[in-house]
Amino acid sequence: MLRKSILVAALLAGLSATPSLAHRQWLHPSATVLSGDKAWVTVDAAVSNDLFYFEHVPMRLDNVKVWQPDGAEGKIQNPATGRYRSVFDVELNQQGTWKIGTSMAGIMGSYKLNGEQKRLPRGAAAADLAKLIPAGATDVQISENSSRNEIFVTAGAPTTTVLKPTGKGLEVEWLTHPNDLVSGEPAKLRFLADGKPAAGIDVEVVPGGVRYRDKLNDRTLKTDANGVLTIEFPAPGMYWLEAQLQDGNASVPGATQRRLTYITTLEVLAP
């Protein structure tokens, strides 16, 4: 009887822990605010259950780009990919705010051929859609996907050139500078979908250090009618944010829906 009770308790504990086991993609800079003319930042990149710890798979660096404070494209240095994480350096040889991250778009979908269910290959491009769906296919279902994962690092005084939205996909208009976040003080971010306010979307906020807590301590906040998210961080540290939007405004012919994702990692400083 005792053994049965233990097994039931273990099963319930496993079920209650399931929501925290979502794989999260993240970029983690060694610092976000630096001084000096020859500053460097090292960035870890991975996909994991415990935020900012390496225990699942590395993030590939093929699509990682760097934007200098003047808006010109920079470069990553010393890139390496191991079993659980990737890592690279960025030399901050220009004063101001830098953007580092990825922006990807693609399609997902399925179809039936001779009664057998088939799926499009992972990472399929919209330009290849016509070649990916064979003649005679039925029950074709296509969705468009667009995602951004970006971080911001400032050398010296903060600037805003790299913060300007492009008008494509899900983005953030930083009403509060991302490198000027202080615990206990409200910050404001406006989420935009194709340049227009994204009202009523959910934004998940998770503080780092998940491994050393028995609770995820995550929050799900919602943007207001103007797409603005007002958030107050309870304590200093690194925070992971993810917003998602699903709608029917796909630009790919044949796609019936699209999924937009925005991810960022923010450092919140003490007052």
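Modeller: In this predicted model, a residue is called buried when its relative accessible area is under 20%, exposed when that area is over 50%, and partly exposed in between.

Colleague: Is Ala-39 buried or exposed?

Modeller: Ala-39 belongs to strand S3, which covers residues 39-48. Its relative accessibility is 6%. The limit for burial is under 20%, so Ala-39 counts as buried.

Colleague: Which residues have the most contacts inside the largest nonpolar core?

Modeller: The largest nonpolar core comprises 27 residues. Two or more residues come to this core from each of strands S11, S12, S14, S16, S17 and S18. Apart from this core lies another, of 19 residues, with Ala-31, Leu-34, Ala-39 and Ala-155 among them. Inside the largest core, the residues with the most contacts are Trp-174, Phe-191, Val-205 and Phe-233.

Colleague: Which residues is Phe-233 in contact with, leaving aside neighbours within four places in sequence?

Modeller: Phe-233 is one of the residues with the most contacts inside the largest core. Leaving aside neighbours within four places in sequence, Phe-233 is in contact with Leu-181, Ser-183, Gly-184, Ala-187, Val-205, Arg-219, Tyr-239, Leu-266 and Val-268.

Colleague: What is the geometry of the aromatic pair formed by Phe-152 and Trp-174?

Modeller: A search of the whole structure finds six aromatic pairs. In the one formed by Phe-152 and Trp-174, the ring centres are 5.5 Å apart and the planes make an angle of 75°. The pair links strand S10, which holds Phe-152, to strand S11, which holds Trp-174, across 22 residues. An angle over 60 degrees meets the criterion, and the pair is edge-to-face.

Colleague: Which lysine has its charged end over the ring of Trp-67?

Modeller: The distance from the charged end to the centre of the Trp-67 ring is 4.8 Å. The residue whose charged end sits over this ring is Lys-99.

Colleague: How many residues apart are Glu-204 and Arg-24, which form a salt bridge?

Modeller: The closest N and O atoms of Glu-204 and Arg-24 are 3.3 Å apart. Glu-204 lies in strand S14 and Arg-24 in strand S1, so distant parts of the chain are linked. Glu-204 counts as buried at 18% relative accessibility, and Arg-24 is also buried, at 4%.

Colleague: What is the N to O distance in the salt bridge between Arg-190 and Glu-173?

Modeller: Side chains of opposite charge can pair when their charged atoms come close. The side chains of Arg-190 and Glu-173 meet in a salt bridge. Arg-190 lies in strand S12 and Glu-173 in strand S11, so the pair ties together parts 17 residues apart in sequence. The N to O distance is 2.9 Å.

Colleague: Which strands hold the partners Asp-139 and Lys-112?

Modeller: Asp-139 forms a salt bridge with Lys-112, their closest N and O atoms being 4.0 Å apart. The pair ties together parts that are 27 residues apart in sequence, because Asp-139 and Lys-112 lie, respectively, in strands S10 and S8.

Conventions
Residues are numbered from 1 along each chain as its sequence is written. This is a predicted model: local features need pLDDT of at least 70, side-chain atom pairs count only at pLDDT 80 or more; totals for chains, interfaces and linings use all residues. Side-chain values use heavy atoms; hydrogens and water are left out. A nonpolar core is a set of buried Ala, Val, Leu, Ile, Met, Phe, Trp, Tyr and Cys residues joined through side-chain atoms within 4.5 Å. Buried means under 20% relative accessible area, exposed over 50%, partly exposed in between (1.4 Å probe, protein chains only). Helices (H or I, at least four residues) and strands (E, at least two) are DSSP runs, numbered from the N terminus. Contact means heavy atoms within 4.5 Å. Rings of Phe, Tyr and Trp (its six-membered ring) pair if their centres lie within 6.5 Å; planes under 30 degrees apart count as stacked, over 60 as edge-to-face and the rest as tilted. A charge sits over a ring if NZ of Lys or CZ of Arg is within 6 Å of the ring centre and within 35 degrees of the ring normal.
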